[in-house]
Amino acid sequence: MNSSVTEPLLKQAKQSVLFTAARPEVVMERGEGMYLWDTDGKAYLDFVGGWAVTSLGHSPAVLREALQRQASILVNTSPGYYNKPMIEFASLLTDISCFDRVFFASGGAEANESAVKLARKYGSLYRGGAYEIITVRGGFHGRTLAMMAATGKPSWEKLFAPKAPGFKHVPLNDIEACKQAISRDTCAIMLEPVQGEGGVYAATPDYLRQTA
């Protein structure tokens, strides 16, 4: 039974929040570490982790302090300007990775869209107009129109047609299927090392080496 606090919140949510997925009849109010508490005071061990984004747990002191410190100095200048944390973080990422430049995006779908655009730009400039992206069935790349086409989930095939063209789908860990899908129009292969939709499915090290 929902409390006198939760019931009106759920009613308000159903009136004002766009339905995109079924949610349980609870309203989360606070979090600490790996636990969440709802408006009835009930504690939950959180196995979702904000869909794999709260890797430090809920409300960790290090994150609270960093947000408070930066918010007192500068919140946003727009991407039209450099700012000091941007430069420092980009330099850190290039120093510890194999990449030369950093692009900051708002979320995963935007980052994946940008990767597709970068691959297609390369294909246009250096591969005779190549534009096709080979992706792996069962993956998840985001909910924009292009990323839904890239994902290739069977349940999404008829949603929001027509789909964005230029994506071929192959089974995970099937290198021969991947090779057969490659054509003169291929400019990139897009996959997750570990798929998390509907289970946990890992690409083998040999498969990753051969598709790199």
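These are my notebook entries on a predicted model, taken topic by topic.

**Entry 1: cysteines**

I looked for disulfides and got 0 in the structure. I then checked Cys98, which is in no disulfide. Its nearest cysteine sulfur belongs to Cys187 and is 18 Å away. Cys98 counts as exposed, because its relative accessibility is 67%.

**Entry 2: aromatic pairs**

I counted ring pairs next and found 4 aromatic pairs. I took Tyr35 and Trp37 from the list. Their ring centres are 6.2 Å apart and their planes stand at 40 degrees, so I noted the pair as tilted. Tyr35 is partly exposed at 41% relative accessibility. Trp37 is buried, with 18% relative accessible area.

I then turned to Phe89 and Phe104. The centres of these rings lie 5.8 Å apart with planes at 20 degrees, so this pair is stacked. Which parts does it tie together? Phe89 is in helix 4 (residues 84-96), while Phe104 is in the loop between helix 4 and helix 5 (108-126). The pair therefore links parts that are 15 residues apart in sequence. I logged both accessibilities. Phe89 is partly exposed at 41%. Phe104 is partly exposed too, at 38%.

**Entry 3: charges over rings**

I searched for arginine ends above aromatic rings. The charged end of Arg30 sits over the ring of Trp37, 4.0 Å from the ring centre. I wrote down Arg120 as well: its charged end sits over the ring of Phe167, at 5.3 Å from the centre.

Strand 2 (residues 35-38) is joined to strand 3 by 3 bridges, and the two run antiparallel. I found Trp37 again here, standing opposite Ala43 in strand 3.

**Entry 5**

Is strand 4 (residues 132-136) mostly covered or mostly open? I found it mostly covered, with 5 of its 5 residues buried. I sorted the side chains by direction. Glu132, Ile134 and Val136 point one way from strand 4, and Ile133 and Thr135 point the other way. All of these are buried.

I followed the pairing on from there. Strand 4 pairs with strand 6 (residues 186-190) in the parallel sense, over 4 bridges. Glu132 stands opposite Thr186 of strand 6. Strand 4 also runs parallel to strand 5 (residues 167-170), and 4 bridges join them. The bridge partner of Ile133 in strand 5 is Phe167.

Strand 4, helix 6 (residues 145-151) and strand 5 make a β-α-β unit, and I recorded it as right-handed.

Note on methods:
Residues are numbered from 1 along each chain as its sequence is written. This is a predicted model: local features need pLDDT of at least 70, side-chain atom pairs count only at pLDDT 80 or more; totals for chains, interfaces and linings use all residues. Side-chain values use heavy atoms; hydrogens and water are left out. A disulfide is a pair of cysteine sulfur atoms within 2.5 Å. Buried means under 20% relative accessible area, exposed over 50%, partly exposed in between (1.4 Å probe, protein chains only). Rings of Phe, Tyr and Trp (its six-membered ring) pair if their centres lie within 6.5 Å; planes under 30 degrees apart count as stacked, over 60 as edge-to-face and the rest as tilted. A charge sits over a ring if NZ of Lys or CZ of Arg is within 6 Å of the ring centre and within 35 degrees of the ring normal. Two strands pair if DSSP finds at least two bridges between them. A crossover is right-handed if, with the strands pointing away from the viewer, the path from the first strand over the helix to the second runs clockwise.
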